[in-house]
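Here is a short report on one protein chain. Keep the picture beside you as you read.

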Amino acid sequence: MTNTTPACPYCRLGAADGEPPGGWVYRDTLWLVHHGPVETSRPGTMKIVSTRHYTDFAEMTPEEAASFGALLHTLDTAMRAGTDAERVHLVSTRDRVQHFHAWLYPRPAFHPLRGTDFLNAPQHSQAADADLAAEAVRQHLSG
Ligand SMILES: [Zn+2]
């Protein structure tokens, strides 16, 4: 089984020198989690990337499939505690980069948009706000 593909940017992300800006929010043998890019993410947005190279849910091993649900539970709890999220939206299309990944978008109660209207609206953050949100989520994951 091929675990990595050299040309894949998300396989390189998991390499020793591939740490994302702001560092890992969570990392284990199956999953990497980091804050989304400030250019396209509200503070607290998280990206989950599989450590193994595959594209679809159907290609997950039983261990990956079982742990993904547990990871979502843990991240949802930490994001709701560590950010102003009333709801955390899950998106995973894998159309641009065909290495399994999923986005978690925190939607604050005060935001005027809901659902796909919220997801389709432009998002961005300041680096300092992204770092603070990532640290708050990190602290709620460990505590
Ligand atoms: Zn890959």
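## Ground rules

Helices (H or I, at least four residues) and strands (E, at least two) are DSSP runs, numbered from the N terminus. This is a predicted model: local features need pLDDT of at least 70, side-chain atom pairs count only at pLDDT 80 or more, and totals for chains, interfaces and linings use all residues. Residues are numbered from 1 along each chain as its sequence is written.

## The whole chain

The chain has four helices and five strands. From the N terminus on, the elements run α-β-β-β-α-β-β-α-α. The radius of gyration is 15 Å, close to the 15 Å that the globule rule gives for 143 residues, so the chain is as compact as a globular protein of that length. That radius is taken over C-alpha atoms, and the globule rule is 2.2 Å times the number of residues to the power 0.38. The C-alpha trace spans about 45 × 30 × 30 Å along its principal axes.

Two residues are in contact if their C-beta atoms, placed from the backbone, lie within 7 Å. Take the contacts with a separation of 6 or more: residues 24 or more positions apart account for 59% of them.

## The sheet

Five strands form an open sheet in the order β1-β2-β3-β5-β4, with antiparallel pairing. Strands pair if DSSP finds at least two bridges between them. The edge strands are β1 (24-27) and β4 (85-91), and each pairs on one side only. From one strand to the next, the twist averages 20°. Axes here are lines fitted to C-alpha atoms, for helices over the stretch in contact; angles run from 0 to 180 degrees between N-to-C directions.

β1 and β2 (residues 31-35) pair in the antiparallel sense over three bridges. Arg27 has Leu32 of β2 as its bridge partner.

## Helices on the sheet

Helix α2 (residues 62-82) packs on the sheet and touches β2, β3 (46-50), β4 and β5 (101-108). Its direction makes about 150° with that of β4. Helix α4 (residues 127-142) also packs on the sheet, touching β1, β2 and β3. The direction of α4 makes about 30° with that of β1.

How far should the 21 residues of α2 span? At 1.5 Å a residue they should span 30 Å, and the end C-alpha atoms are 30 Å apart, which agrees. The expected span is 1.5 Å times one less than the number of residues.

## The core

A residue is buried if 20 or more other C-beta atoms lie within 10 Å of its own, exposed if 12 or fewer, and partly exposed in between. Of the 143 residues, 28% count as buried. In α2, the buried residues are Leu75, Ala78, Met79 and Gly82. The buried residues of α2 pack against β2, β3, β4, β5 and α4.

A nonpolar core is a set of buried Ala, Val, Leu, Ile, Met, Phe, Trp, Tyr and Cys residues joined through C-beta atoms within 7 Å. The largest one has 22 residues; Val33, Met46, Ile48, Leu75, Met79, Leu104 and Val137 touch the most other members. α4 gives the most to this core, with four residues.

## Two loop residues

Met60 is in the loop between β3 and α2. Met60 is partly exposed, with 17 other C-beta atoms within 10 Å. Its C-alpha atom is 9.1 Å from that of Phe100, 40 residues apart along the chain.

Arg94 is in the loop between β4 and β5. Arg94 has a positive phi of about 60°, although it is not a glycine.
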